[in-house]
Structure formats: structure tokens, C-alpha cells
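Please look over the sequence and the model first.

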Amino acid sequence: MPDSDQSVLLGTSGHQASNETELRYQPVEDGGFQIINGKKSYNRSITIGRNNLANGDIPLFKMHTTTGSGVYSSAVDSCFPLFSREDGAKAKVAPALGTLRLAVPSAAGLQKMDTYPSKTVFRPGYTQYEVSGPKKEWNAAITIAPTLEQHGFVCKVEFDRPMLLEWTYGDLYWSAKETNSNDVGISGCTAELTEKNLPNGVVLVGWDGNGTGTSFESKYGQSVRFSSTHKKKVYYITATWGVTQHNQALADEMMARLDTPAANAWSVERDVLKKAWFDCYIEPALNPGKKFTTLQNNPSVQLTQALEYWDERRSRFQIKTPDPYLNALVNFERCISEYHQMGPGMVLSSFKWLMYSHISVGWYGKMWAGDLAEVKNHMRFLAAMQAEDGFINWVSPSLAAYHAENNTPYWVDHVWWLYCWTGDEKFIRDLWPALKKAVEWECTNNDPDGDGLFQAKYEYWNCDSNGKGPKAATPTSTAWAMHDRAAKMAVVVGDTDAADQYRAMADRIKTKTFEELWSEEQGILGSIGANGVWRGHPQTWEQYKGINNGSIAADKGRRAMRWIESHYGFEGDSGVNMLMNCDWWPIRWSVHWVPTGDTCLAVLAGMKCGDTDLWWPYMETATLSSFRSKTPGVHFSIGNTSGGGGGGVEYIDSDDPFMHTTVRGLFGIEPEIQNDRLYITPAFPSGWETAEITTPQVSYSYQRKGERVVLKIKTPQPLVKVVSLRSGGATVTTPKEMVSTVELKRVQSKEDSMPSSTHEPILTLNNPPEKEPVLSVADKTRLVLMDLSSVYNTTLWELVTKTPFQTDYGSPTTIKGWWHTVPGKMNDGPEVISADNGIDFLLKGRPDSVAGNAGNLLALSSWGQPYPLPAAARVGVGRKVEKVWLLMQNYVSPIKNYIPNGEVILHYDSGKPDLISLIPPYNMDGYFQSFSREGTSVPLGELVWSPGWGTCNKSNCEAQAKSLAIPSDPARVLKEIEIRATVSEGVVGISAITLLPANGE
């Protein structure tokens, strides 16, 4: 039996890969990034509502708008159609509203400004460039920003001397795949651009220069060129896009979706949400001609307003620590969290995933960083769109609510923390009916037996391949938080019956958690599946969720997070510390990768348990990945061993945790404003001597000299501050006041009574499996290839695409239907194939599609009802055998790693049988990916890829079978080979068996 505690990791992120290895961007500490002579274009966006301005390292600019990109809903509409197209309300495209390119005319030709050396500074809401012409004939400062009150931008070009300027604008489309024919109309210093595929749409551009504009043919039809005839030092170029008419009746119909029973009980706030929706999705696009005239008449004023708005917002939140990269990143990301704001709520990402969706990572960071009004409106909005049965829906930009991943317990938690930050009792009272319905839904659907251990169909945004229960760690810890918060809010509103009920349930949940899910031996929480097997090797959030929400105390939490660090933490290049989200195989979406957001939240848990120094290197790597990337900013993953940022940019799941971890973890701020109290427990790395934070709710400075620590704290209202240090020592409680100075003595940590684990994960990139020795020629002639055609019970294709299985949660589905698993099939080929180590196998029933095919696979499974497959089979042998090779095409579920998925039992004519456990990833893997540490991969069959999104990446997959050698006792007659399947959600598939008879047989 292999050591089932041993983790096996790839050694880099299996998803969201990156080829960036250098620190391309440098920090601007009060919030920003800069780069010298960068080459990338359109790699950084600024979003205000439906207006998106793509800019980049070079001064080349493109305007887009949004539709319903990323919306899962199958409703009739996903967005309000600004453009009068039949597909406008269901669209998932990003229409282009034009590209701006700047140049300097000269005797030597046109000097395009995006081709010359530049310094670029990315700020929240605007970007600035310093560009030098050839031989520094000219220097130009360029500032560009989207306008605040309309869809458009202002671009200022300021030379160091009077210069001519030329610029072009064009390339409009609904979709670049359509046949487009842009049309240009020119009037003086302005132009009007239209495109027939953007019906009733218009783009207006202009400037304060001189010279006549001309049209010219470009990729999508006509574009416009303006070239000055008289030199100037400063030029302003402006653009506005909008529509000449809109469907107000449809707008009213969509806004009426907010007229729900829940929202009607607080109609004033409901109408605020309606207005916010209209002001985001429709109003800025109306009357474009009038808005353009205002912009054209006052470009400097409009630009100044935009810059001042963003600079003032940036100034309201600032951190200053010894880490300049952390300062620059968090100050920037908190400010641009405003990009997520779309009308009544906040979307997953500001351009790609435009839906009011999962909050399992949530808006805690935005809340802790001071944007309380925005988060409060968002929670009201979700309450308004709550399903009748209490489920907290996802919502499309068209205000169509739909059922997707489970937000319900997280929404209750958000509401509680907003109360802790604001003390707003009306907010709680308004939402109380919805809160009770939410708790009821969660209990009814995810704890149907009422035992206090919960399941979840979708427990967390990153859990596509996770186990759902029926007794699962994450949904149980979130259910505890939900009941704990609901009990406290019931006291606020005076509902004593509910308070008693919820408190009793919270207590029951915690008791059952540590009775059944906690392993005292390993020091971790596990989950129990439908087959009753406790599963260790948890995903990271199965530990940190409970620590961060308070259901796991610091002593147990420290053990759990040290287990996580020692099993999933690894070093890539020197000094690059990465945290895999789990050690599960096969590599597929949400499994076996290095997400930045989950790294941050694991660090937060480590800080709360007093292990900052252990976890800080992971935070440093995650932070630097935002600078070692194609786009300056937070990426989805740490995508290579150099720590480069990979995948999507600034999704809620990745950018919000940086704020959350910084404010709540590093600076240790916990609110209890409803009781006029604030808790501050810094968790800085031991080497830090200074740090400062400013938020709208609290500001403080930290200074340490030797063991003496002084905190100077300011709050906008009188509060009692309860201050302590994570390292221990005294707690100081101040009077209720606005300004406090607290002095503490740092206690030197005593010898650690909880030593770190000595476990080291196996990194397969650096330590690939050993190749099996090649069979000798003499032994090859002795091989006996068994004919299994009489015991085959299915084909690979039939198994994967047509056989229904009951998963731990939900209706029966096929393997292919479970999170888009790529199906495989047996293609035509020879009956006898050979592995690289010289072992031959006899295959029957190829290809799958042959008429009357009785099968080519013996498939076994303990998957529950409807029990489509036998759980065991015996194959007769009747001779002395030295070794047995199984050729296996298995299906391995990620949640069934590190536990026996099957057994091979060798039954002899006398004595005890031999038993070999099949445990992925040690000696068992799957038909579409080779990952086991033992055995020889044999290319076999083919994978059938479907168009569109899938959970499996082609680069990680191959159609294969695994040849596994099993020693047999040559002194005894091997009567039978028994093969058993021992878990649900897994299949042992036997394609062939080959024997090496004992000498003399």
C-alpha cells in the first residue's frame, strides 16, 4: 500500500499558463504601474459602465462596449440592446467603437507615436505616456481617460515645442466576423462614423486642431484622418459614442424585473437600484450629439474632472509598507475595483464575465477597503432578485435572474459584515424576510437529513471537480457562518425564536464538524462522499474558509494550514513560492493549478493563525505575478515556475482577495461598529518595522523599535479600539474616541510547540516517474496474451457517453456530462499492441463503431444507483505466473485520489491471496491523461473534442491506457485474477491482460 499522505504535484500551474518570466512592470507605490519601452498594445483596459477603453504599453487606443458576455442564462435576453439588431438582446460580443492612432508628420515621413520609445504609467482611470521622437526631435506627453458622464474619452497630447499632429480614427464593428462597411461624414474639425451593423449607433470624434479631415479606406470601411496645418504645443482629441434612439418600453420592462415582493417592501431603495441600472446601461448612450458638443467645447475641463475623480478615489485608500510592489498593486486594485460596478451591482469582471454572479470569494475585500455603499447596494440587489424558494440567484445585465452556483450562505454572511461595518439596523430589518428564506433554502436543500453536515452542488467558484457531500467541509463551514450570522441578526431585529433556532443549529454544525470531518491525526478537515469514505487531501479552501469565517479556531487552523503548506506549497524558480489549490489528478479545470486569489485567502488564514512568516513568501510571489505579466494587474493564476501572471485579468475571484488579505489579514482590522468597537491585530512579517493604512473607515500607522510597538489610530467616529499583536502579549482597550495612541510590547515567540511538517510533495516536472525496464527478448517470447472478449461488457465510447451514473449531488449523468469530461473511443488498429517496455497486449473489439461489437472493455464500478456496472469480476488463469500486466483505461475522478479506487486480488490454489490497491495518482490514472507514478503509458484510442469550452485542456490530455505490472507468486498456481472497484465516481477499466508464466511453465 503506497503512503497515501504523499502529495504528487505537477510542479507548475496546470491551467492559465503564462510565458512571462521577467518583471516587465515597475511599481508606482501610491497606485499604479510603469514600464519603459514596452511593446504590447491593448493590454490594459479602463472600464466605466458600458464604456471600455483599451490601451497598453504603447499609445494606441480602442473603444469597446459590452453586451452580455459570459452570461450563463438561457433567458430570452442577457443585456439591453442599445443597437437595434435582432440578436442585440442576447448578444455575447464586444462591439468596437473605433481605434485612435497618433502620428507626427515630418519631411521624412509620418512618425507614428506608438512606434517610438516611451514611458508608460498606468493609473486607475487614466494612462499617461512620455514619447520621444527620432533623435529627440520632439517629446510628447499623452494623457487619455474615459469621460465620466458619457461614453467616450479625452486624449491630450502635449509637445515640448510646437508640432504638427496627425491622427486617424476608425474600425467600428458589431463583430469583426461580419462584413463591415464603416461610413464617415466630416464637418470641420469633427467627424461622424457609422456602421450598418451597428444600427442607430454613432461615433463622434473631433479635436481642437486645425486642418481639414479626410476619409480613407481601411479594414472595416472608411476611416477618418485629421492632420494639422499649423503647429501647436497642446492638442485635445475627443470621442463620444451613443445611439440616436432606444427602446424605452423594453427598458421599462427590464427595470420592472426589480419589482419583486422583496424589493417592493423597500421601494425607495428599489427605485435607486432601477435608476442605477438605467444610468449605467442606457442613459450615457443617449443624445450623443449634445454630449459630444459639450465635450468638444470643454475637453480640458472634462479631462481634469476624470483625473481628479480617480485621484481623489485613490487617495481615500492607501497602504504604505516596506514592500513597494504590494503598495502599488493594492492601492491600484482597490481604486479600480470600481470597474466592476455596473449599475445596481458589481459584475464578475468588467469586460469578459458581465454577470452579477458568484460571491463565494465575494466582495469582502471591497468591503474591508471601504466601499461600503457599493457592497450594500449589491446585497440589496441580490435580495431583490432572490428566487421564491430563497435561493440567491445570479443575474444578467438585463435583470434576468437565473439559478447557477450557490451564493446563498455567502450572501447572508455579506449582509452580516455590512452591519458590522455600518451599524445600519434598517438594512438588516429590510432584508430580514429574505435572510430567513435564504437560511431555509440552504438547510432544506443541502442538509436534508438535518444532521448539521452540509453538501453543495457548487460550494465555491473554483470547485468544478470538487466533492459535494453529502458531508462536505466547505458547505458545512459556510453553513455554520450563515447560522451564526443569522442568529446575531435575529437578535438585532428581535426575532427571538429564530435567534434560538439558528444558534442551536450553529452549535450543532460545529459539534458535528469536529466529530466527523476533523482528523485529529492529520490535523485537517475532510469530506465524506456518498460511499461513506472520509476524503483527506482537501482543497485549500476546505481549510481556509473555516478559519477565515471563524468556524475553526486558531490552534486547529494553524495545524490545518501547515498541512496545506507542506503538501501543496512548492518552489518553482529560486524564491518563487507557489501554492497548488490541491494535489488532485487528472489535471482539469479547477484542479491542480495555482490561483492567485486562493493563494491570498490561504495567506489570510495563515496570518489569522499566527504564521505570517511561513505564508508571506506565497503572498510575495502572488503580488509579483501582477508585474511579471502581459498585463499590469492581478491575473487569475501564477502561471509558470518563474511566477508569471497567467489567465484572465481582474476577476472578482482574484483581485478582491488581495484587498481582503491586506486589510483584514496584514493590518488585522475587524469591525464591530454596531457596538462602537474596532479590533486591530496586525500580522506583519517579523522583519517589518513600519506600516500605514488609510481607508474611509479607519487609518493607522505602525512603528516598531526593538520590541516596542506604537500604533496611532484615527477613525471618523468615536470608537473603542481593541488592539493586540498576533505574536501574543497584552491587549489594550482604548476609551471611545476618534484618535488613539496605543503602545504594545512585542513578545518574542517561544519555541514552536507545533513543528512544521517534514513532508515534501513530489514535483513531477523535476521528478518524473521511473521508466519500467524493457522486457528481455527471451521473456517476450514467453508472454501469454489473454483473450478477454468473453468478459468485455462495454466499449470505451459507450462507457463515457451513454452510461448513466449517479453523482454525489444531482441527477444521473454520464462521465462526459460531468463537467464536460472529454470522451474517448477505440479507433481501428491492430489486435496486438506493444508498450515501450516490450509488453504485448491482445485487444479485441476495435473499433468501437464496428457492427455488432460486443465490447472492448471490462468496466467495473461501485458507483451507486442505478448501478449500471458490476463492481467486481474474476478472470480465470490456472497456471503458475511470475508477473501479470493489466492494461487499464480507467476513469478517475479528482475527488477520489489518494484512496483505493480498486483492488486486484490474485487468488492461488493454496495459501493467502495477494492484494494490490489501485490508488491514483500512485498506480492508477485515466483514459485521457497519464499521471500515475507507476506503470507505462500506452497510446490507445482517440479523444473526441467538442467545440466550445471544456474542463480539460488538450495540452494536458492524451488517449492512453496504463500498463501496470503486478508480481505473482511463481511457486503457486494463480487460479484467478479478481478485480474490484471500490469507490463511487470512478471506473476501473480493463482492456487487456498479459501474463509472464513462471519458468518451466
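The model is a predicted one. Its largest nonpolar core has 247 residues, and Tyr169 and Trp411 are those with the most contacts inside it. Helix H9 (residues 408-422) supplies the largest share of this core, ten residues. Apart from this core lies another, of 36 residues, including Leu10, Ile587, Tyr792 and Val988. In soluble globular proteins, nonpolar side chains tend to be buried together.

What does Tyr169 touch, leaving aside its neighbours within four places in sequence? Among its contacts are Met63, Leu97, Phe153, Leu193, Val203, Val205, Val224 and Ala239. Gly98, Thr99, Leu100 and Ser223 are also in contact with Tyr169.

## Aromatic pairs

Across the whole structure, a search finds 51 aromatic pairs. One of them joins Tyr173 and Tyr220 in a tilted arrangement, with 5.0 Å from centre to centre and 50° between the planes. This pair links distant parts of the chain, 47 residues apart: Tyr173 belongs to strand E13 (residues 166-173), while Tyr220 is in the loop between strand E17 (214-218) and strand E18 (221-227). Both Tyr173 and Tyr220 are buried.

Trp461 and Trp593 make an edge-to-face pair, 6.2 Å centre to centre and with 85° between the planes. Trp461 is in the loop between helix H10 (425-446) and helix H11 (473-493), and Trp593 is in the loop between strand E30 (577-579) and helix H15 (596-608), so the pair ties together parts that are 132 residues apart in sequence. Trp461 counts as buried because its relative accessibility is 4%, and Trp593 counts as buried because its value is 0%. Elsewhere, ring pairs link Tyr116, Trp138, Phe159, Trp167, Trp207, Phe226 and Tyr235 into a cluster.

## Charges over rings

Which residue has its charged end over the ring of Phe216? Arg225 does, at 4.2 Å from the ring centre. Lys376 lies over the face of Phe427, 5.5 Å from the centre of that ring.

## Ile899 in its loop

Ile899 is found in the loop between strand E47 (891-892) and strand E48 (902-908). Is Ile899 buried or exposed? With a relative accessible area of 12%, under the 20% limit, Ile899 is buried.

Not counting residues up to four places away in sequence, Ile899 touches Val533, Leu918, Ile919, Pro920 and Val983. The C-alpha atoms of Ile899 and Ser917 are 8.9 Å apart, and these residues are separated by 18 residues along the chain.

Note on methods. Residues numbered from 1 in each chain as written. Predicted model: local features only at pLDDT ≥ 70, side-chain atom pairs only at ≥ 80, totals over all residues. Heavy atoms only, no water. Helix = DSSP H or I, 4+ residues; strand = E, 2+ residues; numbered from the N terminus. Buried < 20%, exposed > 50% of the residue type's maximum accessible area, 1.4 Å probe, protein only. Contact = heavy atoms within 4.5 Å. Phe/Tyr/Trp six-rings, centres within 6.5 Å; stacked < 30°, edge-to-face > 60°. Lys NZ or Arg CZ within 6 Å of the ring centre and 35° of its normal. Core = buried A, V, L, I, M, F, W, Y, C linked by side-chain atoms within 4.5 Å.
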